[in-house]
Each structure stands twice: as structure tokens, then as C-alpha cells.
Amino acid sequence: MAHRRRAVRTVLFAAVLPLLSLPGAAQLVLGQYEDEAPFRSWNSFPFVSAGALGRGETGFAAAGEAAAAFANPAVLPTLPPFTLTLGGSVQAASFSKYGPVNTGIFHTAEPVWLGFSALDFGGLTVRSGRWAFALSVSLAEIYDRPPAEYVYKPRELVLYRIRFDQTGLLRLIGFSAGYRLGPSLSLGLGLNLAAGRMDRSLGESWTSSRISINDGKSHRYSGAFVNGGLLWDPGPALRLAAVFRTPYAKRARSEGRVEYQSPDLPGGIVIAGSARDDLRQPWLVGCGVEAKPWGEVKFFGDMVYAHWPSYEMSWFGDPQRRDFRGSLKIGLGIEFSFRPRIFSAPSEIPFRAGLIRDPQPMKTPASAYSGATAGFGLRWRGFVLDLGVLFARESGSGDGLGGSRVALSLGYGLGERR
């Protein structure tokens, strides 16, 4: 009986310890990867299509693709009367401090890379007269982390194992409309619904004593926000854009479950809890330009400011400290198009290149990603194929993080662009 009471006290202490450590963990400077931080960059607005990726992640003023609904719905009236687009990507990012890795029980000498692939966009647009509408779905954020595991197995006999896992994502469903006010001005608005999840687990097991402790946490996200913009063509070789996104609360239904299993405790011990949390996302404003100074050469530029000082979040009802600054992300791109005839039909083959500067919101350490992009496309008989590539490197944190993304999209457009 005394042994049983000691076991109960031990597991209760193990279960309560993570809760007691939460305020201390909130003061720990993780850098790029706080618990809820998205894969590679905090600045996930807007969704970047394959075409925009190739020209420096610029899409506020550029026409010609359904993904414009998430960047600037005022671009929709410039698209063909009907378009359908699907897109996918493969991306990778490196991680240094995250979860219990290099902040607690796990240690790595170098950053750890993780790859992720997904079908990340689907969009349908319809234009009639001055109006244009879009229904779009995109992968907005990824919360995956590289798994971490330690196994103690002298003479190939496993005696102890501990493992950390985290996975998750956030998707957006967007309903957008654009209206052509006149020959040179249009506006647009979009309603976006967010839904997603994040799951974390930390498990320990002792083989000889058949004791195990598993700590699992899950968060189910939901929210809604509005985005919109203007598009102005002051001349045949210039297009200007302005965009915004409203702040919104990404609401989380959080659940935690700690399980202790031991031969001395039939059925084990389970401690469960739940909470309602808010992750208050910042407002954003941006502007873009597309210029065609001569021939088939186009230049693009986008800037977007995120007011990260207004960001707030809590885990299981406990407010977490996030000392953030505003960030101004900049993208520059160039595109040169050839117009050969393929099987007697006209076509367009654009080649693209660009640069990005993506400051992250943390004040300490202050860091930013700098990257180069490239890509090309093909438009022929209504079919549209785009490929974009990004390679980026982080500086400022001392961790030397990196990131890359390869995106491919395939679409069809019925009719001509404006």
C-alpha cells in the first residue's frame, strides 16, 4: 500500500510539473519557433501561388491567377470569364530551438531540417460583366516540427525511450468578389474562414518496469476575417494596388491528457483538462506595383506591414508573453515573356526571378529571412502551368536557419484576360 501511495504521488507530480513550468516557459526566448509559430515564417499572409513565388512572392497587383483572391480580390475582374486552378508545393525548413529541443531535455548540435508536401491551393473564379467571384481553399500555416527521440539501449536492449512529436496545419476557405468601377479602377472584398489543428505529445517509457507516462495536448482552431483591396491602372504600362486584412481571433479548443501506466496501478491514472484559448492575429496593410516599361519585360514590387505588437495568445487559459515588433515584408520581381507558336497556336512562356526580405516579429533575437526566387510558366490554349522556387536564409538569431519551397500549379482559363 505504501508503494502504491508513492507511485500515485510520483505520477501526480509528473503530471502537475508541466503546468507549473508554463509561466517559466513563457519567459524563455525560443526565437523563431514558439509553440504556435508557423513553419518557416510568421508572415503567412497572403497565400503565395507558384507564379507569385517565382517573381519574389509578389501578387498584389499582378493579374492572371485565381490565387489573387487571397492576395487582392480587386484583381478578380481582370481574370478570364472562367478559371480553375489547383496547386501543390514541397517545402523544407530548419529548426533549432522548439518545444523541448535545445530548450530542455533534447539537444542538437546543428539545426534539424523537416520537409513537408501538400496540395495547398484550389480555386474557381467566374466573371460576368463588371463583377467577378471566387471560391478558394488554401493551406495557410503549417505547425509541424521535426520529431525528437532518445532511446537508451545498452547491448541492443531498449530500457528507456522518450519522444516528442508535433503536427498541425491551418486551412482557409475564401469567398471573394471583385467589382470593376470603371476602365481603370476595381475593388474587392473577401470573407475567409479558418480551420485547423495542432497536436503535441511527449511520451516516456521504462521497459524493465513497464512504466510509461504520456502527455498529449491538442488544439482545434477556428476563426474568420475579411481581406480586401483596390486595383488602379493609371496607364497602359502601370498597375497599382492597395490591400488590407482585418485582425481576428483564431479561437482554440484546447485539450490536455496525461496518462500514467504501471503494473502496480491497474487501469493507470489519467488526468484530463480542457480550455478555450484565443490567438489574436494582427491587422495587415500592403501595396503593390506592376510596371511594364518596355516590350515583354515586367517589374513587380509588394510591401506588406503586419502589426505584430497587437498579437496575443494563451495556452489553457494562461496568457503567454510574446514581445513582438511590427514587420515590413518586401518582395521584388522581374518577368520576361516569350510568345512562340506551339502546334500553330499562340502561347506565352514567362521566365521569372525575384528577391524577398521577410523580417520576423520577435524583438529578441531580431531576425529576418532573405531569399531568392525563380520560376517560369506556360499559357497555351487556355491551359496555365506555373512553377516557382524559393531559397531563403535567416540571419540575426545566430541559429543560421534556412528554408525552401517549390510550388507547382495547373489551371485552365476560358476566355481572355483584361
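Reply: Arg55, Glu335, Arg352 and Asp386 are linked in a network of salt bridges. The model is a predicted one, and in it the count of salt bridges comes to 26.

Arg352 is buried, with a relative accessible area of 5%. Asp386 is buried as well, with a relative accessible area of 3%. Both values count as buried because the cut-off for that word is under 20% relative accessible area.

Two further pairs can be set beside this one. The side chains of Asp233 and Arg239 form a salt bridge at 2.9 Å, N to O. Asp233 and Arg239 are both buried. The side chains of Lys217 and Asp215 also meet in a salt bridge, here at 3.2 Å, N to O. In this pair, Asp215 counts as buried at 15% relative accessibility, while Lys217 is partly exposed, with a relative accessible area of 23%. The two residues get separate labels because buried means under 20% and partly exposed lies between that and the exposed class, which is over 50%.

The loop between β16, residues 341-342, and β17 holds Phe343. Phe343 has a positive phi of about 50°, although it is not a glycine. At 68% relative accessibility, Phe343 counts as exposed. The loop between β17 and β18, residues 368-380, is the place of Pro365. The peptide bond from Thr364 to Pro365 is cis, with omega near -5°.

Elsewhere in the chain there is another cis bond, from Phe45 to Pro46, with omega near -5°. Pro46 sits in the loop between α2, residues 22-27, and α3, residues 50-54. Asn102 is a further residue other than glycine with a positive phi, near 60°. Asn102 is found in the loop between β1, residues 82-95, and β2, residues 112-128, and counts as partly exposed at 22% relative accessibility.

Definitions and conventions: Residues numbered from 1 in each chain as written. Predicted model: local features only at pLDDT ≥ 70, side-chain atom pairs only at ≥ 80, totals over all residues. Heavy atoms only, no water. Salt bridge = Lys/Arg side-chain N within 4 Å of Asp/Glu carboxyl O. Buried < 20%, exposed > 50% of the residue type's maximum accessible area, 1.4 Å probe, protein only. Helix = DSSP H or I, 4+ residues; strand = E, 2+ residues; numbered from the N terminus.
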